[in-house]
Amino acid sequence: MSPTVRILTTPRQLQEVKELDDLAFEVEKNIPGIVTVSLEEIKHVAQNGAVLGIYHEGRLIAESLVLTSPIPTHKKLSLYEAFSYSTAIHPDFRGRELATVIYQAQEKIAKQAGKKFIRLTVRVENSASMRARFKSGYSITGYDSAFYGPLEKGGARLFMSKIIGKPAPYYTSRPPKSVAIPVTPGYAVDLPAHNDIQKLMSSGYIGIGLLKPTVNDKFSIIFSRQDVKL
């Protein structure tokens, strides 16, 4: 049976979301460039989008926030855009495709709000989150070297987006005329990868998939020009 996604609205439920977010990012919260969500932000999203959750035996095991109207900490939201604000899976329940289920629920909320596409940010070095989004039909469509602060301190982010109802294909091998940029996964900023990605994306490339890690543990992001038919 597929897990049931619920819309969370009560103060207790929103507090549970904050607690799960803190737990999921416990190791990362003091790392430069890692941004966690505040309870105030969660409350704002509940009023201007939806806070989604999956429970197991009375315990919240997955949560995600989807924004359909601007809030104080995210004022730039276009008329037809929804924004995936945060996703966290309890460490004991990772690897069970819960993220995919909750992503689908996000899209349903966005579609009901009249949105045409959904967008989010991800670190260049975060291959796990990137892979999950690629599998759900997203593409890398933008790059900001200072979205959460200076590049050298981990503030850069990739933008991933998806046209609702029209998922993009996900490539796990390199098609002709594409370019693969190797990236070292983890929390350290891979400056050469960032520089290469910025150059590619400023030349009209988008990210379409990931290659598996090589012997030196690097994975590669596959990029293709938007005007090239694969």
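How many bridges join β9 to strand β10, and do the two strands run parallel or antiparallel? In this predicted model, six bridges connect β9 with β10 (residues 219-225), and the two run antiparallel. Within this pairing, glycine 209 has isoleucine 222 of β10 as its bridge partner. Strand β9, spanning residues 205-211, is mostly covered, with six of its seven residues buried.

Turning to the aromatic side chains, a search of the whole structure gives four aromatic pairs. In one of them, phenylalanine 134 and tyrosine 170 are stacked, because their ring centres are 5.5 Å apart and their planes are at 10°, an angle under the 30 degrees that marks stacking. This pair links distant parts of the chain: phenylalanine 134 belongs to helix α4 (residues 127-135), while tyrosine 170 sits in the loop between β7 (157-163) and β8 (179-183), 36 residues apart. Phenylalanine 134 is buried at 0% relative accessibility, whereas tyrosine 170 is partly exposed at 24%.

The rings of phenylalanine 147 and phenylalanine 159 form an edge-to-face pair, since their centres are 5.3 Å apart and their planes are at 90°. Here too distant parts of the chain are linked, with phenylalanine 147 in the loop between β6 (139-144) and β7, and phenylalanine 159 in strand β7, 12 residues apart. Phenylalanine 147 is partly exposed, at a relative accessible area of 27%, and phenylalanine 159 is buried, at 10%. Together with Tyr148, Phe147 and Phe159 form one aromatic cluster.

Arginine 133 also takes part in ring contacts. It lies over the face of tyrosine 103, at 3.5 Å from the ring centre, and its charged end sits over the ring of tyrosine 138, 5.0 Å from the centre.

Most residues other than glycine have a negative phi. Glutamate 57, however, has a positive phi near 50°, and glutamate 97 has a positive phi of about 65°. Glutamate 57 is placed in the loop between β2 (49-56) and β3 (59-67) and is exposed, with a relative accessible area of 75%. Glutamate 97 is found in the loop between β4 (81-89) and α3 (98-112).

Definitions and conventions: Residues are numbered from 1 along each chain as its sequence is written. This is a predicted model: local features need pLDDT of at least 70, side-chain atom pairs count only at pLDDT 80 or more; totals for chains, interfaces and linings use all residues. Side-chain values use heavy atoms; hydrogens and water are left out. Helices (H or I, at least four residues) and strands (E, at least two) are DSSP runs, numbered from the N terminus. Buried means under 20% relative accessible area, exposed over 50%, partly exposed in between (1.4 Å probe, protein chains only). Two strands pair if DSSP finds at least two bridges between them. Rings of Phe, Tyr and Trp (its six-membered ring) pair if their centres lie within 6.5 Å; planes under 30 degrees apart count as stacked, over 60 as edge-to-face and the rest as tilted. A charge sits over a ring if NZ of Lys or CZ of Arg is within 6 Å of the ring centre and within 35 degrees of the ring normal.
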